[in-house]
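Hello,

Here is the structure we talked about. Please open it first, then read my notes below.

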Amino acid sequence: MAINLLVELTKRGLTTKYVSKNAAPRAVYAQKLAGHIRKYEIAGLFSGSGGFHTTEPNIFDVLVVDEAHRLNEKSGLYGNLGDNQVMELIRSARCTVFFVDDDQIVTLSDIGHTEELRRWAAYFDAEVSLLELSSQFRCAGSDGYIAWLDNLLGIRQTANTDFDRGAFEFGIVDSPRDLHQLIRDKNHDKNHDNNKSRMVAGYCWDWKSKKDPNAWDIEIPEHDYRAQWNLGSDGSLWAIADNSVEQVGCIHTSQGLEMDYVGVIIGPDLAWRDGRIVTDPSKRSKQDRSIWGYKSQAKSNPEVHNRVDRWTGQPFVDTRTP
């Protein structure tokens, strides 16, 4: 939807950019446009979210900001540039379009939730139009599946205790080795578009192959399974690169990408205890910067970080190891 909007606005002669914090969607879309548009024109259509702190006000007609919930306050490698990415994106264009889903915030530094967008819009006295995506093409357009998943994860209480199993394929596999083979088979299935099936997992295993290209990152010995992360030199093009079905996509680099089939490895940071989901950030890799500082924040703001039943608001304490 964001890319279609970018194309339409550009056709109308408006100076427009597609913006996302995650480099992977930008790289994939740019690769697909290669051969149709000149390279320097493609480069002008896509941008990261961290370069607008030096931009003059209203220099763009429209900025289309995808995955806006992933925006950060500060920019730069060391988080020392700019003031607020949401503010800078609104200031830089006559019209800024944000695609946002508050439930898809991933890290402690993600600030692009709906209230933050409203706050800065009010600061600039901007006219706000709120449109809700009532349905989607993902998951075969099944709103019932999304409602069931939200109910299962405790995001919101719904009446969907199950979903239409005939709408699309869903299964639970005991072994990551077997799951990966299923995804390989789907990736090469002649009845589907090739190379559109991938494996993903939470960042629960260290990125060993960063220093040693021959090292295995994800190792689960009890299932004789091992694989590498998609964080190498072609990480941004992992969704469409040849043979990348052998790699496992990290949640930080795969968000915003589209696949036909996805195999999800549930790591030790997510468990089912006493009829509900329990999360444990301490089980994530120590290399995962997205959770750096969660212990200190939990001490200073325990009502946010303590495990709470989202339906009742009552604390849920699990002393066992997931």
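Glutamate 116 counts as buried, at 9% relative accessibility. Its salt-bridge partner is arginine 119, with N and O 3.0 Å apart. Arginine 119 is partly exposed, at a relative accessible area of 46%. Both sit in helix H5 (residues 114–123); they are 3 residues apart, so about one helical turn separates them. Please keep in mind that this is a predicted model.

Now the overall picture. The protein chain has 322 residues, and 38% of them count as buried. It holds 10 helices and 11 strands. Take the contacts with a separation of 6 or more: 64% of them join residues 24 or more positions apart. The chain exposes about 19,500 Å², and carbon and sulfur atoms supply 50% of that area.

How many salt bridges does the structure hold? The count is 12.

- Aspartate 224 pairs with arginine 177, the closest N and O atoms being 3.3 Å apart. Aspartate 224 lies in the loop between strand E6 (218–220) and strand E7 (225–227), and arginine 177 in helix H7 (residues 176–187), so the bridge ties together parts 47 residues apart in sequence. Aspartate 224 is exposed at 54% relative accessibility. Arginine 177 is partly exposed at 43%.
- Glutamate 219 pairs with lysine 208, and here too the closest N and O atoms are 3.3 Å apart. This pair links distant parts of the chain: glutamate 219 is in strand E6, and lysine 208 is in the loop between strand E5 (197–201) and E6, 11 residues away. Both are partly exposed: glutamate 219 at 38% relative accessibility, lysine 208 at 40%.
- Lys21, Arg70 and Asp110 form a network of salt bridges.

One more residue deserves a look. Glutamate 88 is in helix H4 (residues 85–91). Glutamate 88 is buried, yet has no salt bridge. What does the side chain of glutamate 88 reach instead? It reaches the backbone nitrogen of aspartate 83, at 2.7 Å. Leaving out residues up to four places away in sequence, glutamate 88 touches Phe52, His53, Ser75, Gly82 and Asp83.

Best wishes

Technical notes: Residues are numbered from 1 along each chain as its sequence is written. This is a predicted model: local features need pLDDT of at least 70, side-chain atom pairs count only at pLDDT 80 or more; totals for chains, interfaces and linings use all residues. Side-chain values use heavy atoms; hydrogens and water are left out. Helices (H or I, at least four residues) and strands (E, at least two) are DSSP runs, numbered from the N terminus. Buried means under 20% relative accessible area, exposed over 50%, partly exposed in between (1.4 Å probe, protein chains only). Lys and Arg count as positive and Asp and Glu as negative; His and the chain ends are not counted. A salt bridge is a side-chain nitrogen of Lys or Arg within 4 Å of a carboxyl oxygen of Asp or Glu. A polar contact is a pair of N or O atoms within 3.5 Å; within protein, one must be able to donate a hydrogen and the other to accept it, and residues adjacent in sequence count only if both atoms are side-chain atoms. Contact means heavy atoms within 4.5 Å. Accessible areas come from the Shrake-Rupley method with a 1.4 Å probe; for residues, only the protein chains shown count as cover.
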